[in-house]
Amino acid sequence: MNYSHEVEKMCTLVKGPNHGPAPIPEEGKWVKAYEIKDISGLSHGVGWCAPQQGACKLTLNVKDGIIEEALVETLGCSGMTHSAAMAAEILPGKTLLEALNTDLVCDAINVAMREIFKQLAYGRSQTAFSEGGLPIGASLEDLGKGLRSQVGTMFSTKLKGVRYMELAEGYVLSVAVDDNGEPIGYKFVRLGKMMEDIRHGVDPKTAYEKNIGTYGRYENAPKYIDPREE
């Protein structure tokens with residue numbers, strides 16, 4: 001250790017109180033985090049790239065500093081979907097610090113990693129007060145039945161108004177319109193459940209019809225439109 005001449009000339013004063021770091025909540029315990037292995041929890045981080053063309057939601061389940069589970073969800077950028085595939089392979093097995101200093105291929109995913117690191121390092125995790133945390137695989141619950149990300153896609157213009165295209169319920173097939181021209185409901189197909197049924201041997205037409213639902217005052221509306229073509 002090299003010290004400057006000014007420091008070497010100083011007399012020594014003994015350090016008084018040293019209480020260490022403030023404890024943070026982790027999986028039902030209060031933990032003083034000294035090393036990366038002291039960090040555990042499940043949390044989320046959201047990131048974006050410099051041109052803000054896309055965003056990433058990253059969910060990690062960390063046990064004793066090691067990433068045991070990763071869920072990478074991306075939006076708005078086609079290239080990021082492939083970056084997510086690589087990031088999902090890279091993340092598990094790394095320590096939280098390693099992952100923070102690893103190129104996760106896409107800036108949006110890197111920023112999401114930075115944000116989730118801050119959440120976990122400060123004890124702001126989803127499992128802060130859950131004893132023992134959550135089992136590995138818990139992030140899949142965020143996807144619901146059919147294991148599909150919760151996506152909302154809407155488009156609107158001043159001239160032509162709003163178009164509902166996709167919601168958590170599913171892919172919008174048609175929108176009900178009242179006599180004033182206002183949208184009052186919609187019909188949707190649950191894509192995740194439909195594809196699950198098809199994979200399990202259900203006829204595609206049957207699977208499609210089985211997973212159609214409606215929302216709002218859809219039935220007996222005076223008019224229906226295709227939100228993508230009308």
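In the structure, which is a predicted model, 10 salt bridges are present. Among them is a pair formed by the side chains of Lys 63 and Glu 27, with an N to O distance of 3.1 Å. This pair connects distant parts of the chain, since Lys 63 belongs to strand β4 and Glu 27 to the loop between β1 and β2 (29–31), 36 residues apart. Glu 27 is buried, because its relative accessibility of 9% falls under the 20% limit.

A further salt bridge joins Lys 37 to Asp 38, where the closest N and O atoms are 3.9 Å apart. Lys 37 is partly exposed, at 48% relative accessible area, whereas Asp 38 counts as buried at 17%. Lys 57, Glu 73 and Asp 142 are linked in a network of salt bridges.

Glu 115 is buried at 18% relative accessibility, and Lys 118 is partly exposed at 37%.

The 15 residues of α4 should span 21 Å at 1.5 Å a residue, and the end C-alpha atoms are 21 Å apart, in agreement with this value. Besides Glu 115, the buried residues of α4 include Ala 108, Ile 109, Val 111, Ala 112, Met 113, Ile 116, Phe 117 and Leu 120. Their cover includes β1, β3 (41–48), β4, β5, α2 and α3. After α4 comes Gly 123, which has a positive phi near 75°.

The largest nonpolar core comprises 24 residues, and those with the most contacts inside it are Cys 56, Leu 58, Leu 60, Leu 91, Leu 96, Ile 109 and Met 113. At least two residues of this core come from each of β4 (55–63), β5 (66–75), α2 (78–90), α3 (96–100) and α4 (107–121). The greatest contribution is that of α4, with 7 residues. Beyond its neighbours within four places in sequence, Ile 109 is in contact with Cys 56, Leu 58, Val 72, Met 80, Ser 83, Ala 84, Ala 87 and Leu 104. Another core, of 7 residues, lies apart from the largest one and includes Val 172, Val 175, Tyr 186 and Phe 188.

Met 10 is located in the loop between α1 (5–9) and β1 (24–26). With a relative accessible area of 56%, Met 10 is exposed.

How values were computed: Residues numbered from 1 in each chain as written. Predicted model: local features only at pLDDT ≥ 70, side-chain atom pairs only at ≥ 80, totals over all residues. Heavy atoms only, no water. Core = buried A, V, L, I, M, F, W, Y, C linked by side-chain atoms within 4.5 Å. Buried < 20%, exposed > 50% of the residue type's maximum accessible area, 1.4 Å probe, protein only. Helix = DSSP H or I, 4+ residues; strand = E, 2+ residues; numbered from the N terminus. Contact = heavy atoms within 4.5 Å. Expected span 1.5 Å × (residues − 1). Salt bridge = Lys/Arg side-chain N within 4 Å of Asp/Glu carboxyl O.
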